Amino acid sequence: MRTLGVSASTLSATESLTISGNKTIICRSELFELGFFTPASSSRWYLGIWYKKIPTRTYVWVANRDTPLSHSNGSLKISNNNLVIFDHSNKPVWSTNLTGGNVRSPVVAELLDNGNFVLRDSNNNEYLWQSFHFPTDTLLPDMKLGWDLKSGRNRFLRSRKAPDDPSSGDYSTKFETRGFPEVYVCSKESIVYRSGPWDGIRFNGIPEVRPVDYLVLNFSATDEEITYSYHITKNNIYSILTLTPTGLLQRSTWVERLQSWRPLWYSPRDICNNYKQCGSYGYCDSNTSPVCNCIHGFKPRNKWDLRDDFDGCVRKTRLSCDGTDGFVRLKNMKLPDTTKTIVDRGIGIEECEARCLKHCNCTAFANTDIRNGGSGCVIWTGDMLDIRYFAEGGQDLYRCFLEFAVRLWSPRMTNQVTASKK
């Protein structure tokens, strides 16, 4: 199906890609293919990218997902230095919408070997537009999720409406940049799931993400970007991260022997992943009944035997804020919502504790990085929300308490919590 002029991977200003012509663009490695497609049992046409080497058609990017063509006569052209999809009446239904600029040479569109579809200057190879800046429901290797702080561009995933309907669904990702960055999954405007912050290895709330030899995970939090990406180190392995129509973040890998995509992990997995399931100062444990528990020093705000646990917990005794307060160490925890936090990656846990003691509004602290014994400092100054306990995974969270109260505490959570005071 290499039918587009001088190169199978490019589209020039004098060429077009048409539905009726059944032409496609294939990257040089023949891993990815771009063309028009129609879902099963549908009369709508879309321009998309899929894996050419995988027999199960897997669409990883869709251009006109919310402006489909209703007729089988449509085309993709370069017009006025833009990529434009025209319908059967030659009316534009989708465009890259580039304006201005100083492009004097002809532009070409090219499908790169990593699946990135780019519009570039034919003389200097400068990218004028690229599909990697506009993900749909799938994050490909080397594609970034999150914020380019210099341009203000936010790259996020939005689910399909249904498995066979690529139009925009109800779920989307949100990369929070305030405090200690993490990823949220939202249903329309409401948060339904939180990944937990990056702990140096993985997102803290997804302990099932484990190191594998072919997959390198990357997280960047600088003045220029706050992003997550991944890289595949072996050419014969295909792995994607998808936001499913039901709101699951799912890592899948193609298994050649089974001829199917197999999930490595997905999240949320259970009721404890529901955002703020146990309210403020409550933590969720899927192995207890009820699943909601109060952290040490707090009691339920309402009667939890009636499952009225969304209002969380209230403190039994107020903190003194006179230097006599101490800390309870909660082990294997998903760290609380990090929107209202203070972060200093240059100090360790002891100085972090000292700062927390001096800050009367400090409610808890933890390391920002769990590698090599732990480093960095994150301090919570507001309510502690969306906490859970993991049988395996998570990290230590130090919660402030009144020193004398620990002597009255029944060690109900001896497998999870120890007390410490300097």
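R28 counts as exposed at 57% relative accessibility, exposed meaning over 50% relative accessible area, buried under 20% and partly exposed in between, with a 1.4 Å probe and protein chains only. Its salt-bridge partner E110 is buried, with a relative accessible area of 11%. This is a predicted model, in which local features need pLDDT of at least 70 and side-chain atom pairs count only at pLDDT 80 or more, while totals for chains, interfaces and linings use all residues. Residues are numbered from 1 along each chain as its sequence is written, and side-chain values use heavy atoms, with hydrogens and water left out.

**Salt bridges**

- A search of the whole structure finds 16 salt bridges, each defined as a side-chain nitrogen of Lys or Arg within 4 Å of a carboxyl oxygen of Asp or Glu.
- In the pair of E110 and R28, the closest N and O atoms are 3.9 Å apart.
- That pair links distant parts of the chain, since E110 lies in strand 10 (residues 107–111) and R28 in the loop between strand 3 (25–26) and strand 4 (32–37), 82 residues apart; helices (H or I, at least four residues) and strands (E, at least two) are DSSP runs, numbered from the N terminus.
- K234 and D213 meet through their side chains in a salt bridge of 3.2 Å, N to O.
- This pair also links distant parts of the chain, with K234 in the loop between strand 21 (225–232) and strand 22 (239–243) and D213 in the loop between strand 19 (190–197) and strand 20 (215–221), 21 residues apart.
- K234 is partly exposed, with a relative accessible area of 36%, whereas D213 counts as exposed at 59% relative accessibility.
- Within helix 1 (residues 349–358), E351 and R355 lie 4 residues apart, about one turn of the helix, and their side chains form a salt bridge at 3.4 Å, N to O.
- E351 is partly exposed, with a relative accessible area of 40%, and R355 counts as partly exposed at 36%.
- A network of salt bridges links E182, R194, K334 and D386.

- An open sheet is formed by 4 strands in the order 2-7-8-9, with antiparallel pairing, where two strands pair if DSSP finds at least two bridges between them.
- Strand 2 (16–18) and strand 9 (92–95) stand at the edges with a single partner strand each, so one side of each is left without a neighbour in the sheet.
- Strand 8 (residues 82–86) pairs with strand 9 in the antiparallel sense over 3 bridges, and the bridge partner of V84 in strand 9 is S95.
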